[in-house]
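Please have the sequence and the 3D view ready.

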Amino acid sequence: MSGENKEKILVIRMLGLGDVTCIGLPAVRYLKRKHPEADIHVLSYAAGKEMMALAEPGIKTFGLDKGEWPEDIIQAMESFLGLAEQIIGEAYTKIINLDTWFMPCFLARFLKDAGEPVQGNYIGMSIADLIDQFQNQTLQPSFVNDPSHYMQSTWFSMMRWHTTWWETDYLPEGGYPEFYLKTCCGWHDLTLDMHIDVTQDRALAKKRKQKKVIALATEARTSERSYPYAEALKNALQLAGFEVWSQFDGTQSLRDTLAMLKSSDLLISVPSAPQWMATAVNCPCMIISGTVDPRTLMPDYATDMSHQPAEVDSLVEGVLSIFDGSVDGAKENTY
């Protein structure tokens, strides 16, 4: 394809880090396969930019850094309108918004109204009407906070995203990412490839020769998903003979975190981004489900759903049963 007629595709997936890994990355690889001659760019945010650049270094990744996405909606609009100006200047032949958060959908709507070739999700109100309602104080909070109120899509099947799809007869082996990309976006022939090539952490790999290594990720974006007995669990696992580490607080690079996960035998995590980071380096994962239905995530192992935090002794017993072979790791949802 000549340079003048070459396709130029922008993929938008800004939040969160887990979704950039499990949705944005497979989507980019799908588009690379479908459009091998195209120039593909990715718009992301903060650690999402780092993850995408690490996984696909040949692709241009840009966007907002941490702190450049203000909490105030008017200030956020200004930041995103700055992105819109940059995007329009790139003259993309296709702009695909995979995001479901309000501001990326606001951006997609602005671009759509400006005549840009937008596919995917956008807010169901013109920018002029949105600003008018905001200024007149008639904008309903639910419109900004609830995707079922603000989100529309060029993909007809995106309406399935708002359903309890995991309670239906069709349960995708890849969990939410597979459901979202194949069913909601209609990319039925997509391969859910989120592999990231990193070398093992040498120090941890050395320890692994002596004992099993467990990564522990107990913090989530919301307090109700976090696990309150993290320190007790870490101590109990160490007493049981495991090497335990936990560095998912952003104090080290994503490359280093992925290298440590690649050197681990198991990740124990609440429903959060570390699950998909572990998947990217082929580290088995056990999810402490809490109130999240594990069928949405389809990890290797999971606790039963409960409004009460899982007991530390029960988690340790589950880990021991995984390593002694009494639990089948082939997508078993409970142990």
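## About the model

This is a predicted model, in which local features need pLDDT of at least 70 and side-chain atom pairs count only at pLDDT 80 or more, while totals for chains, interfaces and linings use all residues. Residues are numbered from 1 along each chain as its sequence is written, and side-chain values use heavy atoms, leaving out hydrogens and water.

## H1 and H8

Start with helix H1 (residues 17–34) and helix H8 (residues 175–184), whose axes come within 10 Å and cross at roughly 40°. Helices here are DSSP runs of H or I with at least four residues, numbered from the N terminus; axes are lines fitted to C-alpha atoms over the stretch in contact, with angles from 0 to 180 degrees between N-to-C directions. H1 is therefore oblique to H8, a label for angles left over once those under 35 degrees (roughly parallel), over 145 (roughly antiparallel) and 65 to 115 (roughly perpendicular) are set aside.

On the H1 side, the contact (heavy atoms within 4.5 Å) is made by Asp19, Cys22, Ile23, Pro26 and Ala27. H8 brings Tyr176, Pro177, Tyr180 and Leu181. Of these contact residues, eight are nonpolar, none polar and one charged (Ala, Val, Leu, Ile, Met, Phe, Trp, Tyr, Cys and Pro count as nonpolar, Asp, Glu, Lys and Arg as charged, and the others, Gly among them, as polar).

## H10 and H13

The axes of helix H10 (residues 230–239) and helix H13 (residues 312–323) also come within 10 Å, crossing at roughly 40°. That makes H10 oblique to H13.

Here Ala232, Leu233, Ala236 and Leu237 of H10 meet Val312, Leu315, Val316 and Val319 of H13. This contact has eight nonpolar residues, no polar and no charged ones.

Methods:
Helix = DSSP H or I, 4+ residues; strand = E, 2+ residues; numbered from the N terminus.
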